[in-house]
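Please look over the protein below before reading on.

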Amino acid sequence: MLKLSYFQIKNSREPMTVVDADLDFGKDFYERAKNLVIEVKQAHVSGQLFYDEPFVTANYQVKADLVVPSSRSLAPVSLQQQFSFVENYSDHEPTQEEKEMGLFIIPLADDDIDVQKAVEDNILLNIPTTVLTKEEEEEDVYPEGQGWEVVSEAEFAEEKKDKVNPAFAQLQGLLDQMKAEEDSSKEESDKDKNNNKKD
């Protein structure tokens, strides 16, 4: 696990602390990422951390090669990530004034800045909601099995539009019948009124 000391960075005479490391991913990561990541083939983090009262601020850059499940068929898909993110670390619970600064502030329970955890969290956050295999992307392929199939949202909407809900059809029939009875009753009433006028 890659960890740095908050107090060392805070008290360092150097303007910046530099991190540049390859990361290994253990059982804990795969346990919490089991529906999102099949494998992390490699991941590298570089970054700069510095003290800017009242926080230690970190700018991280990450490159990672992952294998993730297709969001359509769960087949393995290679995914390359390259992103950056900023975190601010505090040795105390942020005050209301600090919260209103609009910064992402992480209060530390001890001296450790857990770089590994920060990278792991952001790798998961940066996985797109739609990930497809090359075949699924190019040929618009959807998985299917005995008695079931996956369809696109457009196909689903079209099918739904064409199908009449039996409950609504029954209700519409009832409404039509009530309207017909109401019209018939009104006609009878009008006839009676006309007859009374003639008499």
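Is L74 buried or exposed? L74 is exposed, with a relative accessible area of 64%, where buried means under 20% relative accessible area, exposed over 50% and partly exposed in between, using a 1.4 Å probe and protein chains only. This is a predicted model, in which local features need pLDDT of at least 70 and side-chain atom pairs count only at pLDDT 80 or more, while totals for chains, interfaces and linings use all residues. Residues are numbered from 1 along each chain as its sequence is written, and side-chain values use heavy atoms, with hydrogens and water left out.

**Overall make-up**

- The secondary structure comes to seven helices and nine strands, these being DSSP runs numbered from the N terminus, with helices (H or I) of at least four residues and strands (E) of at least two.
- Buried residues make up 30% of the 199 residues in the protein.
- Taking contact to mean heavy atoms within 4.5 Å, residues 24 or more positions apart account for 63% of the contacts that have a separation of 6 or more.
- The accessible surface comes to about 14300 Å², of which 48% belongs to carbon and sulfur atoms; accessible areas come from the Shrake-Rupley method with a 1.4 Å probe, and for residues only the protein chains shown count as cover.

**Nonpolar core**

- In soluble globular proteins, nonpolar side chains tend to be buried together.
- A nonpolar core is here a set of buried Ala, Val, Leu, Ile, Met, Phe, Trp, Tyr and Cys residues joined through side-chain atoms within 4.5 Å, and of the 36 residues in the largest one, L49, Y60, Y89, I113 and I123 touch the most other members.
- At least two residues of this core are supplied by each of α1 (6–11), β2 (17–22), β3 (39–52), β4 (55–69), β5 and α4, and β4 gives the most, with seven residues.
- Leaving out residues up to four places away in sequence, I123 touches F25, A43, V62, A64, L66, Q81 and F83.

**Q81, a buried polar residue**

- Q81 is found in strand β5 (residues 76–90) and counts as buried at 6% relative accessibility.
- The side chain of Q81 reaches the backbone oxygen of I123 at 3.0 Å and the backbone oxygen of N126 at 3.5 Å; a polar contact is defined as a pair of N or O atoms within 3.5 Å, where within protein one must be able to donate a hydrogen and the other to accept it, and residues adjacent in sequence count only if both atoms are side-chain atoms.
- Apart from neighbours within four places in sequence, Q81 is in contact with V62, K63, A64, L66, I123, N126 and I127.

**Salt bridges**

- Side chains of opposite charge can pair when their charged atoms come close.
- The structure holds six salt bridges, each being a side-chain nitrogen of Lys or Arg within 4 Å of a carboxyl oxygen of Asp or Glu.
- K34 and E31 meet through their side chains in one of them, at 3.6 Å from N to O; K34 is exposed at 56% relative accessible area, whereas E31 is partly exposed at 47%.
- R32 and D121 form another, at 2.9 Å from N to O, and because R32 lies in helix α2 (residues 27–32) and D121 in helix α4 (residues 115–125), the pair ties together parts that are 89 residues apart in sequence.
- K179 forms a salt bridge with D183, the closest N and O atoms being 3.5 Å apart, and both residues lie in helix α7 (residues 166–198), four residues apart, or about one turn of the helix.
- Salt bridges that share partners join R32, K117, E120 and D121 into one network.

**Surface patch and backbone details**

- L171, L174, L175 and M178 make a nonpolar surface patch of about 380 Å²; patches are made of residues with over 30% relative accessible area and no salt bridge, like charges being joined within 9 Å and nonpolar side chains (Val, Leu, Ile, Met, Phe, Trp, Tyr) within 5 Å.
- A cis peptide bond, with omega about 10°, joins E53 and P54, and P54 lies in the loop between β3 and β4.
- L74 has a positive phi of about 70° although it is not a glycine, and L74 lies in the loop between β4 and β5.
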